[in-house]
Amino acid sequence: MTLSPVFRSEAAVRLLEEQGVWQRLAPDVAAQADAVRSLYRDLEEVLGPEFRGPAPHVPTAAEALRPEGLHFVQEYFFLILFRSIFGSLGVPEARLRLYTELNFCIKGTITAADNLFDDQDKSLLPLAPVAGARFLSILQLMCFERLLRRVLDRGVAGGVLTAEQATLVQRELLDRMASIGRLEGSEEGGVDDVPEPTEMVERVHKVRGGALFALAFAAPSVLEDGEVAERVGAAEPAVARLGTAFQVVDDLTDFEFDLGRRSHNLLTSQIFHHGTAAEKTALESFRHGDAVPDGVVEELFKSSARAVLERAYEEGRASFRMLSELGHWFESGLADDVVHAIVGLDGVARMEALSSGD
């Protein structure tokens with residue numbers, strides 16, 4: 001899983017607009033856009049022109065909050081939210097800028113690594129199509145390693161952190177990424193065991209989703225001190241729970257894909273351990289190679305899928321409640337709507353079907 005584009009549902013976009021969320025996030029949208037532009041400029045210094053394509057237009061905050069520019073907020077929503085959270089915790093502006101640029105590098109690194117695991121070709125950098133998708137993912141990984149180093153060097157030069165702290169931040173980030181990657185690597189050949197749902201959430205989703213979101217806290221955990229450090233430490237598990245909710249929802253939308261590659265999936269676990277007889281029989285046939293028909297999650301597996309969705313609700317509600325207690329402005333009553341909305345384009349119809357009252 002990556003920090004993928006979200007809020008593809010028009011209803012979700014309208015809801016957040018009506019609740020004033022987009023306008024409250026406008027300063028953080030602008031800051032994230034500045035960070036992306038900065039890293040695009042850095043790319044020109046670390047990679048030759050023959051390997052780069054033209055940099056895409058990065059919208060202003062005003063442009064990003066209009067329908068034609070909303071793709072930027074959809075792509076970077078979680079990074080924007082992380083910056084908003086750090087600001088509410090009292091992180092000073094200079095380190096906010098550093099974290100905003102670092103988080104772009106983290107997102108790009110994870111995206112490129114995920115490409116290699118899943119044979120995809122997503123990119124956050126304007127790379128020229130000089131070779132195959134796998135090579136471009138490797139090139140993207142190498143670029144983001146160098147870009148992250150430039151961000152830290154810029155911070156050292158500006159007095160935001162020391163050279164020793166920069167080294168500690170790199171170590172903390174790599175250790176955390178390696179822990180997540182170890183889980184992904186354990187599934188390369190597929191998995192045969194199906195842990196019980198609660199065990200799977202602990203072993204898989206709190207790593208693949210929770211620890212992924214918590215990567216944003218790697219640098220603050222090294223650099224912040226005093227009361228701000230305490231507040232950041234209290235916010236990290238809240239953000240990790242949001243990541244866990246995101247991964248649970250991701251399992252609902254990626255059920256067929258995960259079934260095909262035999263990777264851990266919470267809906268598979270829910271059916272395997274607690275599903276109806278009809279659900280278990282159908283799942284067994286699909287695990288042995290039978291074709292999975294369209295709409296099976298919304299129809300045959302709807303009861304188990306709704307139980308999985310309830311777990312996502314629980315994690316999302318807890319996350320926003322904890323953040324609210326720390327003083328962040330996001331209305332915790334919107335938690336369920338956010339859970340509905342944190343899906344890619346292909347998941348919108350599925351989430352609408354599962355959350356309907358019938």
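I took axes as lines fitted to C-alpha atoms, for helices over the stretch in contact, with angles running from 0 to 180 degrees between N-to-C directions. Helices are DSSP runs (H or I, at least four residues), numbered from the N terminus. I note that the model is predicted, that local features need pLDDT of at least 70 and side-chain atom pairs pLDDT 80 or more, and that totals for chains, interfaces and linings use all residues. Residues are numbered from 1 along each chain as its sequence is written, and side-chain values use heavy atoms, with hydrogens and water left out.

**Entry 1: helix 4 and helix 10**

I looked up helix 4 (residues 70–88) against helix 10 (residues 226–253) and found an angle of about 160°, with the axes 11 Å apart. The two are therefore roughly antiparallel; the classes are roughly parallel under 35 degrees, roughly antiparallel over 145, roughly perpendicular from 65 to 115, and oblique for the rest. The crossing of helix 4 past helix 10 is right-handed, that is, the near helix is turned clockwise from the far one by less than a right angle. In the contact (heavy atoms within 4.5 Å), helix 4 supplies F78, L81, F82, I85 and S88, and helix 10 supplies R231, A235, V239, L242 and F246. I sorted these into eight nonpolar, one polar and one charged; Ala, Val, Leu, Ile, Met, Phe, Trp, Tyr, Cys and Pro count as nonpolar, Asp, Glu, Lys and Arg as charged, and the others, Gly among them, as polar.

**Entry 2: helix 8 and helix 10**

The axes of helix 8 and helix 10 come within 7 Å and cross at roughly 120°. This pair is therefore oblique, and helix 8 passes helix 10 in a right-handed crossing. Among the residues that meet are H205, R208 and F213 in helix 8 and E236, V239 and F246 in helix 10. By class I recorded eight nonpolar, six polar and four charged residues.

**Entry 3: helix 5 and helix 7**

For helix 5 (residues 93–118) and helix 7 (residues 163–186), I found axes that come within 12 Å and cross at roughly 25°. Helix 5 and helix 7 are therefore roughly parallel. The contact includes T109 and I110 of helix 5 and M177 of helix 7.

**Entry 4: the second largest pocket**

I then asked which residues are closest to the centre of the second largest pocket. They are T109, I110, L141, L174 and M177, out of 20 lining residues. A pocket here is an open set of points on a 1 Å grid where a 1.4 Å probe fits, with protein on both sides within 12 Å along at least five of seven lines; lining residues have an atom within 4 Å of a point. The space in this pocket is about 450 Å³. Helix 7 gives the most to the lining, with eight residues. The lining divides into 13 nonpolar, three polar and four charged residues.

Definitions and conventions. Grid points are joined across faces, edges and corners, and a volume is the space filled by probe spheres set on the points.
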